[in-house]
Amino acid sequence: MPHIRPIPTLTEKKLLELETRANQIRKDLIEMLTVAGSGHSAGPLGLADIFTALYFHVLRHDPKKPMWEMRDRLLLSCGHVVPIRYVAMAHAGYFPKHELMTLRKLGSRLQGHPEISHMPALENTSGPLGDGSPQSAGLAYIAKKEELPWHTYCILSDGELEAGITWEAAMFAAKYDLHNLTWIIDRNNIQIDGYTKDVMPLEPLRQKFESFNFHVIEVDGHNIAEFVDACRYAQSIWEHPVVIIAHTIPGKGVDFMEFDYKWHGAPPGKGPEDKVARNKQRETALKQIRTLGGTIQSECE
Ligand SMILES: Cc1ncc(C[n+]2csc(CCOP(=O)(O)OP(=O)(O)O)c2C)c(N)n1
Ligand SMILES: [Mg+2]
């Protein structure tokens, strides 16, 4: 029997806390990107609910002992979305919240793309798209072989599925029935300079993964309850690796950024001006997110 550490069920109270937390995390992301003056907005905003669910409910981890051997591993393959991970980690207590304002500065631990030499708790260095899939499959392989109880999660973007290495890693994961591996795809339909369907169509994505012998679950990536359920369901699959295709809205929470690929790599204050002038982008974004609620303060301010 495989080693399973059940993810707890989600109570109504906890769900509300997570939803509120996710929006606080969005606000901190906007402040952080504005101060940095460079970085990505669309992907990170779209992943706020998933990172909140992972760090505050799904993962077995201990921010005070980041290298605890029995922790679940969370890898990020699409390294450019790392700002949202930094904010979630600061909220969880990995480092003080004020450090978020050092994003992309020389010598900062918070590089524009994740660097484990600067912060080992990130688990992997990434930025060149495609690298997280083989890294995560390798880790899951070791854990399975050595009968270790931790689970490996890896977040991938849809644009990076165009990298052939992803499918080599998928064959490897299926060959060894890595049921202790869950890939989470940020299916937001955009990439750096267009829509995925125009640059390189990915559909039928579910069938592609199924034909590679993955078990596929599709969720609304902004429905935290549905996402947590999918992670719990993934634990019940013992003979295949699992992929959760999370349908997300790029820029989620900020009307003038939503669905627009031009916000892929722009921070507030430096983005396209067709809807909101640059000098109003930060405050307009914060105002919109505020209407979604969110008052929880970071635990390490
Ligand atoms: C191997 C490699 N090729 C190209 C790039 C440049 N690049 C950075 S992000 C990106 C778009 C990828 O699409 P996606 O991750 O889906 O974008 P998002 O949804 O976050 O806007 C590209 C092509 C890269 N980082 N690595
Ligand atoms: Mg994308």
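Reader: Which elements each supply at least two residues of the shell around ligand 1?

Author: That would be α2, residues 42-46, and β4, residues 190-191. Bear in mind that this is a predicted model.

Reader: Okay, and which residues come nearest to ligand 1?

Author: G43, S157, G159, Q191 and H264 come nearest, out of 20 residues around ligand 1.

Reader: How do the residues of that shell around ligand 1 divide into nonpolar, polar and charged?

Author: You get 9 nonpolar and 9 polar residues in the shell around ligand 1, plus 2 charged ones.

Reader: What follows α1?

Author: G37 does, and its phi is positive, near 75°.

Reader: At what angle do the axes of α1 and α4 cross?

Author: Roughly 120°, and the axes come within 9 Å; α4 here is residues 82-92. That angle makes α1 oblique to α4. As for handedness, α1 and α4 make a right-handed crossing.

Reader: Which residues make the contact?

Author: On the α1 side you have R21, I25, D28, L29, M32 and L33, and α4 brings P83, I84, V87, A88 and H91. By class, the contact of α1 with α4 has 8 nonpolar residues, 1 polar and 2 charged.

Reader: Why would residues three or four places apart in a helix point the same way?

Author: Because an α-helix has 3.6 residues a turn. In the α1 contact, I25, D28, L29 and M32 are among the residues taking part.

Reader: Next pair: how do α5 and α6 pack?

Author: Helix α5 (residues 132-145) and helix α6 (residues 165-175) pack at about 15°, and their axes are 8 Å apart.

Reader: Why are α5 and α6 called roughly parallel?

Author: Angles under 35 degrees count as roughly parallel, and the angle for α5 and α6 is about 15°, therefore this pair falls in that class.

Reader: Is the crossing of α5 past α6 left-handed or right-handed?

Author: Left-handed. The residues that meet are S133, P134, A137 and A140 from α5, with I165, T166, E168, A169, F172 and A173 from α6. Those of the contact of α5 with α6 divide into 7 nonpolar, 2 polar and 1 charged.

Reader: What about α3 and α9, at what angle do they pack?

Author: About 55°, with axes 10 Å apart; α3 is residues 48-58 and α9 is residues 224-234. So α3 and α9 are oblique to each other, and their crossing is right-handed.

Reader: Backbone now. Which peptide bond is cis?

Author: The one from E203 to P204, with omega near 0°. P204 is in the loop between α7 (196-199) and α8 (205-211).

Reader: Which residue has a positive phi although it is not a glycine?

Author: E123, with phi about 75°.

Reader: Where is E123?

Author: In the loop between α4 and α5.

Definitions and conventions. Residues numbered from 1 in each chain as written. Chains lettered and ligands numbered in written order. Predicted model: local features only at pLDDT ≥ 70, side-chain atom pairs only at ≥ 80, totals over all residues. Near = placed C-beta within 6 Å. Helix = DSSP H or I, 4+ residues; strand = E, 2+ residues; numbered from the N terminus. Nonpolar A, V, L, I, M, F, W, Y, C, P; charged D, E, K, R; others polar. Axes fitted to C-alpha atoms, helices over the stretch in contact; angles between N-to-C directions. Parallel < 35°, antiparallel > 145°, perpendicular 65-115°, else oblique. Left-handed = near helix turned anticlockwise from the far one by under 90°. Contact = placed C-beta atoms within 7 Å.
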